[in-house]
Amino acid sequence: MIKVNLGVVMEKQGISSKELAKEIGITPANLSILKTGKAKGIRFATLNKLCNILNCQPGDILKYDQN
Amino acid sequence: MKKINKFLLGSIQALVDFGIISNGLLGIYFLIVGPVYIFTDPISFKLIGSNLAIEFLLYFDILLFWAVFLYGCFALHNILDNINLQKYFAPANMIALRKLMFSFLILTILDGINTVINHFINVTAQLDFFPCGDYYAYFISLIICYLVYFIFKRGLDLQNENNSII
């Protein structure tokens, strides 16, 4: 399954959920859904903004876990 | 094309609103004048005779017909309102479509009963233009609404799925 490591990356960069949501242009509620891995999918546009703001690669945010 | 669609939707909305107002007034008028007309009109008296049961049945049948037609018009008004606000796959549209289906179902049944009564009192040729009766048109409308309902249902599912992609 695909695991979302957004929380870890955010912690590393020292950015709060509210701040990141505002920067990406999504609601804090939607960011929370994304962070907890409850979202059904992620748009390339959102991923692009996340990588840009958090200065990371998509692979840092999304990880494949065989278990 | 966008302008034409907007104009058409606006025109249809105006037509439906006019239908609601005119049918509402007609219904209130018939509610008051109907019994007098049915029981005193020489033509209906000649066709039906002095059969009070059939006269009452026809009166309530027409009233129910009017009420259900108005109910369907209101549902159509709600759908058009939502579409004009660009809310295509909204749960409110599903409810309105269900109301519209219900009204077409009742209209089919009522017109079927009317056709039977008309045959019974031998006025079929004078009241029906189509030999199969209007109930067939209502039935086809019911089927179309049923199919549109399924399309809307699938659209609503897709919309929800799209909303859960962030």
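Which residue just after α4(A) takes a positive phi? That residue is A:N55, with a phi of about 55 degrees. This is a predicted model: local features need pLDDT of at least 70, side-chain atom pairs count only at pLDDT 80 or more, and totals for chains, interfaces and linings use all residues. Residues are numbered from 1 along each chain as its sequence is written, chains are lettered from A in the order in which they are written, and side-chain values use heavy atoms, with hydrogens and water left out.

**Helix α4 of chain A**
- Helix α4 of chain A spans residues 44-54; helices are DSSP runs of H or I, at least four residues, and strands are runs of E, at least two, numbered from the N terminus.
- Its buried residues are A:T46, A:L47, A:L50, A:C51 and A:L54. Buried means under 20% relative accessible area, exposed over 50%, partly exposed in between (1.4 Å probe, protein chains only).
- Down the axis of α4(A), the buried residues fall within an arc of 130 degrees, so they line one face. The arc is taken over directions from the helix axis to the C-beta atoms.
- An α-helix has 3.6 residues a turn, so residues three or four places apart point the same way.
- The face turned away from the buried side carries exposed A:F44, A:N48 and A:N52.
- The buried residues of α4(A) pack against α1 (6-13), α2 (17-24), α3 (28-35), α5 (58-61) and β2 (62-64) of chain A. Contact means heavy atoms within 4.5 Å.

**Nonpolar cores**
- A nonpolar core is a set of buried Ala, Val, Leu, Ile, Met, Phe, Trp, Tyr and Cys residues joined through side-chain atoms within 4.5 Å.
- The largest has 20 residues; B:I79, B:L97, B:L100, B:F104 and B:L107 touch the most other members.
- α3 (52-84), α4 (91-120) and α6 (134-163) of chain B each give two or more residues to this core. α4(B) gives the most, with nine residues.
- Beyond four places in sequence, B:F104 contacts B:Y138, B:S141, B:L142 and B:C145.
- A second, separate core of 17 residues includes A:L6, A:L54, A:I61 and B:I166.

**Chain B against chain A**
- Five residues from chain B and ten residues from chain A make the contact.
- The buried area is about 620 Å², with 56% from carbon and sulfur atoms. Buried area is the accessible area (1.4 Å probe) that two parts lose on being put together, summed over both.
- B:S164, B:I165 and B:I166 supply 86% of the area that chain B buries against chain A.
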